[in-house]
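Got a structure open and wondering how its helices sit together? Let's walk through it in questions and answers.

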Amino acid sequence: MVLRSPGGAARCRAAGAVNAGHGLTAPALPPWREAGNRRRSGRRRPTFARVDDAEFLDPRLVAVYDAQNRWSRDDDFFSCVVGPPGARVLDLGCGTGRLTLGLAAAGHTVTGVDPAPASLAAARAKPGAEAVTWVDGTSALLPTDAFDVVVMTSHVAQFLLDDDAWAAVLADLARALVPGGRLTFDSRDPAARAWERWPTERSELVPLPDGTAVHTWTVVTGVDGGADGAVVGFDNGYRFTDGTELVSSGRLRFRTEQELRTSLAAAGFAVEELYGGWAREPVGAGDGELLVVVRRG
Ligand SMILES: C[S@@+](CC[C@H](N)C(=O)[O-])C[C@H]1O[C@@H](n2cnc3c(N)ncnc32)[C@H](O)[C@@H]1O
């Protein structure tokens, strides 16, 4: 993976102009339910395994995640929020460490925390990983008054489904930050109803480092709620060149701006910035995101 180091003031001003650079777009593929082999009798013989959160737990799917998620304008945005070198930064839900390693390379003292061992193993194997403190776990393990900035990127916040779990993470982060420390994260705005576009947007042919490619697609399996807040279930399907088919199931919580503001205030955070897009557009006018920068009181 080629890491572009996080930029200085010029890149921070031009954050919206950086190419996202996600994989190749392939023709729409049939969902995994249609993709199983057929026996001569005509009955389907499924060739897939369906596992909750396999995209972060299965080393083969972790490699696909890495191939699909290169350094992008999201990383530029968060790097700019973190600011000049020398900060003590926590990357909660660091995954395979793309931003974690970029922040370390930029001169920050970085800790990456994630509960998915395969993702963390991929991060630890990357160049520069020795500069980062990697922790296999969740926010419950964090020390007190230890970080200047916390980042939670690529919608980690949406994996906290219920209100109690989300409140517990916010309380952990408030404790782990120094007084006046900042937390920044992204959460998709339910008003944009992104899940309605996933079946077409997420059908991709993804090149892998070994020269093969994998077809990936997403099927939305359920929507509880809507523009006023939702929990969305989905299956990510994968078909490898060798014929292996895997399915990773997950659920994501889409909190409204007001739900985020209320939960952050309850945890003692003051909202400093809240945008709707990576170029710092107002909520509702950007990329269907809620990009949050808050400060511990
Ligand atoms: C979409 S990935 C984002 C990874 C990384 N931040 C990035 O930008 O690529 C979501 C990550 O959140 C992690 N995660 C899920 N539940 C979590 C929790 N309760 N605490 C911390 N991380 C969690 C997953 O293991 C996964 O690595």
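**Helix packing, one question at a time**

Q: Which residues of helix α3 (residues 59-68) are buried?
A: Helices (H or I, at least four residues) and strands (E, at least two) are DSSP runs, numbered from the N terminus. A residue is buried if 20 or more other C-beta atoms lie within 10 Å of its own, exposed if 12 or fewer, and partly exposed in between, with C-beta atoms placed from the backbone. For α3, the buried ones are Leu61, Val62, Val64, Tyr65 and Asp66.

Q: What should I know about the numbering and the model?
A: Residues are numbered from 1 along each chain as its sequence is written. This is a predicted model, where local features need pLDDT of at least 70, side-chain atom pairs count only at pLDDT 80 or more, and totals for chains, interfaces and linings use all residues.

Q: What covers the buried residues of α3?
A: Contact here has a plain cut-off: the C-beta atoms of two residues, placed from the backbone, lie within 7 Å. The cover includes α2 (54-57) and α6 (117-124), plus the strands β10 (204-207), β11 (213-226), β12 (229-240) and β13 (245-254).

Q: Why do α3 and α6 count as oblique to each other?
A: Axes are lines fitted to C-alpha atoms, for helices over the stretch in contact, and angles run from 0 to 180 degrees between N-to-C directions. Angles under 35 degrees count as roughly parallel, over 145 as roughly antiparallel, 65 to 115 as roughly perpendicular and the rest as oblique. The axes of α3 and α6 come within 9 Å and cross at roughly 55 degrees. That is why the pair is oblique.

Q: Which residues of α6 meet α3?
A: On the α3 side, the contact uses Pro59, Val62 and Asp66. Their partners in α6 are Ala118, Ser119 and Ala122.

Q: Which residues of α6 are buried?
A: The buried residues of α6 pack against α2, α3, α5, β6 (109-114) and β7 (133-136). By name, they are Ala118, Ser119, Leu120, Ala122 and Ala123.

Q: At what angle do helix α4 (residues 73-82) and helix α5 (residues 98-105) pack?
A: In α4, Asp75, Phe78, Ser79 and Val82 meet Arg98, Leu99, Gly102 and Leu103 of α5. The axes of α4 and α5 are 11 Å apart, and the angle is about 45 degrees.

Q: Is arginine 70 buried, partly exposed or exposed?
A: You'll find arginine 70 in the loop between α3 and α4. Its C-alpha atom is separated by 7.5 Å from that of arginine 98, 28 residues apart along the chain. Because arginine 70 has 17 C-beta neighbours inside 10 Å, it counts as partly exposed.

Q: What handedness does the crossing of α7 past α9 have?
A: Helix α7 (residues 163-176) and helix α9 (residues 257-266) pack at about 50 degrees with axes 9 Å apart. Trp166, Ala167 and Leu170 in α7 meet Ser263, Leu264 and Ala266 in α9. A crossing is left-handed if the near helix is turned anticlockwise from the far one by less than a right angle, and right-handed if clockwise. For α7 and α9, the crossing is right-handed.

Q: Which residues come nearest to the ligand?
A: A residue is near a molecule if its C-beta atom, placed from the backbone, lies within 6 Å of it. Of the 20 residues around the ligand, the nearest are Gly93, Gly95, Ala116, Thr153 and Ser154.
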